[in-house]
Amino acid sequence: MRITVLGTSASAPTTERGLPAVLLEYLGEGFLFDVGEGTQRQFMRFGRSFMRVTNIFISHYHGDHVFGLPGLLSTMALYGRSRPVHVWAPERQVVYVERFLRSLVPNLPFPVEFHPAAPGELFSTGDYSVRAYSLDHTVDTLAYVFEESPRIKADKEKLRKYGLHGPVVGKLKAGECVEWNGRRICPEDVVYSVPGRKIVYVADTRPVLSDLARNANVLIHEATFMHSDHDLAVEKKHSTVAEAAHVAAELNVGRLILYHFSPRIKDLSAVVEEAEKYFTPVVAAEDGYTLEI
Ligand SMILES: [Zn+2]
Ligand SMILES: [Zn+2]
């Protein structure tokens, strides 16, 4: 599982920072959270493949989070894409996202499926699920929770104890009891479940504590302003660095990645210093920041 923060600026790009987009790569697929203007170039800069992107999750319909969508999808077409792309956005906004895209690039040669996203589960496969919860911004905004399914593992010590091997181990992992050397062995005797990894993406918002984000391995959280601009954060419905760190501590996450910095923030060491008063480990992401977990 690899996370790449492709863009880290809020509202407008700077010479150093692109607009918000976070890529999660898992099992050969790309999951893209927001797609700020210039995202396609950030993929190229940091050596990531946008052709592998299967799902795009838009947090909310503000320009800095969506302006990159038509450019990215039209370049996919240029590169010969045929595989569908799924685009998720808050349910009251998805129609605007779709119109915006279709008006600029009406004839894409691959299917683009738009899905209304509401709090709760969006979809799941055997390998992972994606859920959403409501944030607190000036328009409907969603956080997205990507969670790997629990993995069933066999306890090697116990397999040895019972002399188990071969296809019966697969049956036990699949939840069946088996007869083995004259005794009945059930899954609870030899297998156990390991919780999957959980990544939470939080875009523009005042601080929100959701149980869905609790104990995440990684929380990616906006931090538009320093604490010294707290009034501005309240007025514009964003979070300060200190507030984001406080959310990470309250939710007991494993690590915190801060991004979505106002161009007013010039010094990332000050960001880390402010955040570390409340939570560690924390990273103030530069464009291209990568984490493998
Ligand atoms: Zn924003
Ligand atoms: Zn916004």
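With 12 C-beta neighbours inside 10 Å, Asn-252 counts as exposed (a residue is buried if 20 or more other C-beta atoms lie within 10 Å of its own, exposed if 12 or fewer, and partly exposed in between, with C-beta atoms placed from the backbone). Asn-252 is found in the loop between H9 and S16, and its phi is near 55 degrees, a positive value in a residue other than glycine. The model is predicted: local features need pLDDT of at least 70, side-chain atom pairs count only at pLDDT 80 or more, and totals for chains, interfaces and linings use all residues. Residues are numbered from 1 along each chain as its sequence is written, while chains are lettered from A and ligands numbered from 1 in the order in which they are written.

**Overall organisation**

- The protein chain contains 10 helices and 18 strands; helices (H or I, at least four residues) and strands (E, at least two) are DSSP runs, numbered from the N terminus.
- Taken along the principal axes, the C-alpha atoms of the protein chain fill a box of roughly 70 × 50 × 35 Å.
- Domain 1 covers 2-150 + 195-292 and domain 2 covers 152-191, with bounds that come from an automatic or database domain assignment.
- The centres of domain 1 and domain 2, taken over C-alpha atoms, are separated by 42 Å.
- Of the 293 residues in the protein chain, 41% are buried.
- Among contacts between residues at least 6 apart in sequence, 64% join residues at least 24 apart; two residues are in contact if their C-beta atoms, placed from the backbone, lie within 7 Å.

**Nonpolar core**

- The largest nonpolar core holds 74 residues; such a core is a set of buried Ala, Val, Leu, Ile, Met, Phe, Trp, Tyr and Cys residues joined through C-beta atoms within 7 Å.
- Helix H9 (residues 241-250) gives the most to this core, with 6 residues.
- The members that touch the most other members are Val-22, Ala-143, Val-200, Tyr-201, Leu-219, Leu-256 and Leu-258.
- Residues up to four places away in sequence aside, Ala-143 touches Ala-132, Tyr-133, Leu-135, Val-200, Tyr-201, Val-202, Ser-210 and Ala-213.
- In soluble globular proteins, nonpolar side chains tend to be buried together.

- An open sheet of 7 strands has the order S7-S8-S9-S14-S15-S16-S17, with mixed pairing; two strands pair if DSSP finds at least two bridges between them.
- Strand S7 (120-124) and strand S17 (282-284) stand at the edges with a single partner strand each, so one side of each is left without a neighbour in the sheet.
- From one strand to the next, the twist averages 15 degrees; axes are lines fitted to C-alpha atoms, for helices over the stretch in contact, and angles run from 0 to 180 degrees between N-to-C directions.
- S7 and strand S8 (residues 128-134) run antiparallel and are joined by 4 bridges; Glu-121 has Arg-131 as its bridge partner in S8.
- H9 lies across strand S15 (218-222), strand S16 (255-259) and S17, and runs at about 155 degrees to S15.
- Helix H10 (residues 268-276) also packs on the sheet, where it touches S16 and S17, and its direction makes about 155 degrees with that of S17.
- Pro-281 is found in the loop between H10 and S17, and the peptide bond from Thr-280 to Pro-281 is cis, with omega near -5 degrees.

- S3, H1 and S4 make a right-handed β-α-β unit; a crossover is right-handed if, with the strands pointing away from the viewer, the path from the first strand over the helix to the second runs clockwise.
- S3 and S4 pair in the parallel sense over 4 bridges, and the bridge partner of Gly-30 in S4 is Val-53.
- S4 also pairs in the parallel sense with strand S5 (residues 85-90), over 3 bridges; Ile-56 has Val-87 as its bridge partner in S5.
- Strand S4 (residues 53-57) is mostly covered, since 4 of its 5 residues are buried.

- Asp-34 is found in the loop between strand S3 (29-33) and helix H1 (39-45), and its phi is near 65 degrees, a positive value in a residue other than glycine.
- Asp-34 is buried, with 28 other C-beta atoms within 10 Å.
- Gln-42 lies in helix H1 and is buried, with 25 other C-beta atoms within 10 Å.
- Gln-42 touches Leu-6, Gly-7, Gly-18, Ala-21 and Asp-287, not counting residues up to four places away in sequence.
- Gln-42 and Arg-17 are 25 residues apart in sequence, and their C-alpha atoms are 10.0 Å apart in space.
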